[in-house]
Amino acid sequence: MGDPYEETICDRKLILPSDGGPKAEQSIVLTIIAGSESDFGKHFVLERKRTAVGREKANDIALNDGKVSKAHCEISVIRSGRGIEQISILDLDSTNGTYVNGETIIQATLRAGDKIQAGDTILQLSYSDEIEREYHAKLFDFAARDALTGLYNKRFIYNELENYCRIARRSGRTFSIILIDIDDFKQINDHHGHLAGDEYLKQFAALVRNSLREQDIAGRVGGEEFLVILPETAIEGALQLAVRVRKNVEEFVLPYKSSGIHTTISAGVCQYEKGIRDVKEFLDVADQALYEAKKAEKNKVMRVSLADRGDG
């Protein structure tokens, strides 16, 4: 059998521009180059006249950094028919100040390459075209997503959980989590092989994504174990969502060779409470709910509160 790369593939569809000057389609991009692990590598295209930066989720750029003020700074862009005329930044009387290239500022003009610091987070300003934006997006996905399922990986989603716990402790905002385990997943690998198991995990992840809302965050935290964060959701809403996922999985059959692969899930649901000391204890509460679901013959959704766990 010959080498498939012995001959050059001819493809002349892509014609590169002859000059190296800036193009009109270039965008202004802010990339997080230091700060929270869950934010690191994120990039933001500045498309509006004004972009708000701060800790609150309502900001255009919301930073997971306790040293960043709720409304920290604002970036303004002036454009004309000739392109970008000016980019400026204004500190919004933040607690810890805004810095550009290491210097504290109240208002300043920004240029490509400038580094903006808010709290422990540093963002770098640059111009980029579509190819560069795709490159940065892929870099972030490589760092934050599970390669097999496309869901967030364990490190990323645990960092997100830590951020949501910190916000809930400070502001009292409600959120819940679902801990999911695929029932008898080992049997899929044993009976059909690991390739079949991998394919089921891919399809399962897609099914979970389609069952959730836009604001929900799902990640793979173990071989067949998954965590879902449900912002602004109390326990009853989390239960309804978990039951929806359970039913969708129960009805799903993966066609494979001459047979179909079918299994179920067990899920534990809990809501963040003020008495929860840290992320580990929160996950322990969810894990107890998951254990109760497994003990109840699987294919179940169970809820546990901190008080229930104390009684155990």
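Of the 312 residues of the protein, 42% count as buried. Buried means under 20% relative accessible area, exposed means over 50%, and partly exposed lies in between (1.4 Å probe, protein chains only). This is a predicted model: local features need pLDDT of at least 70, side-chain atom pairs count only at pLDDT 80 or more, and totals for chains, interfaces and linings use all residues. Residues are numbered from 1 along each chain as its sequence is written, and side-chain values use heavy atoms, with hydrogens and water left out.

**Fold elements and contacts**

The protein has seven helices and 18 strands. Both are DSSP runs, numbered from the N terminus: helices are H or I with at least four residues, strands are E with at least two. Contact means heavy atoms within 4.5 Å. Among contacts between residues at least 6 apart in sequence, 58% join residues at least 24 apart.

**Nonpolar cores**

A nonpolar core is a set of buried Ala, Val, Leu, Ile, Met, Phe, Trp, Tyr and Cys residues joined through side-chain atoms within 4.5 Å. The largest one has 33 residues. Ile178, Ile180, Ile182, Tyr200, Phe204 and Val269 touch the most other members. Several elements each supply at least two residues of this core, including strand S12 (175-182), helix H4 (194-211) and strand S17 (265-271). A second, separate core has 27 residues, among them Phe140, Ala168, Phe175 and Ile276. In soluble globular proteins, nonpolar side chains tend to be buried together.

Which residues does Ile180 contact, leaving aside its neighbours within four places in sequence? They are Phe204, Glu224, Glu225, Phe226, Val228, Val245, Ile265, Ser266 and Ala267.

**The largest pocket**

About 680 Å³ of space lies in the largest pocket. On a 1 Å grid over the protein atoms alone, a pocket is an open set of points with protein on both sides within 12 Å along at least five of seven lines; lining residues have an atom within 4 Å of a point. Grid points are joined across faces, edges and corners, and the volume is the space filled by probe spheres set on the points.

The lining has 29 residues. Lys57, Glu160, Tyr164, Gln215 and Ile217 lie nearest the pocket centre. Strand S4 (61-62), helix H2 (154-171) and strand S13 (217-220) each supply at least two lining residues. H2 gives the most, with five. By class, the lining has 15 nonpolar, three polar and eleven charged residues. Here Ala, Val, Leu, Ile, Met, Phe, Trp, Tyr, Cys and Pro count as nonpolar, Asp, Glu, Lys and Arg as charged, and the others, Gly among them, as polar.

**Cysteines**

The structure holds zero disulfides. A disulfide is a pair of cysteine sulfur atoms within 2.5 Å. For Cys270, the nearest cysteine sulfur, that of Cys165, is 9.3 Å away.

**Selected residues**

| Residue | Relative accessible area | Class |
|---|---|---|
| Cys73 | 2% | buried |
| Cys270 | 1% | buried |
| Ser76 | 19% | buried |
| Asp184 | 36% | partly exposed |
| Glu297 | 71% | exposed |

Ser76 sits in strand S5 (residues 73-80). Not counting residues up to four places away in sequence, Ser76 touches Lys49, Arg50, Gln86, Ile87 and Ser88.

Two loop residues have a positive phi without being glycine. Asp184 has a phi near 55° and is found in the loop between S12 and H3. Glu297 has a phi of about 70° and lies in the loop between helix H6 (279-295) and strand S18 (301-303). Most residues other than glycine have a negative phi.

Technical notes. 1 Å grid on protein atoms, 1.4 Å probe; cavity = no way out; pocket = protein on both sides within 12 Å on 5 of 7 lines; lining within 4 Å.
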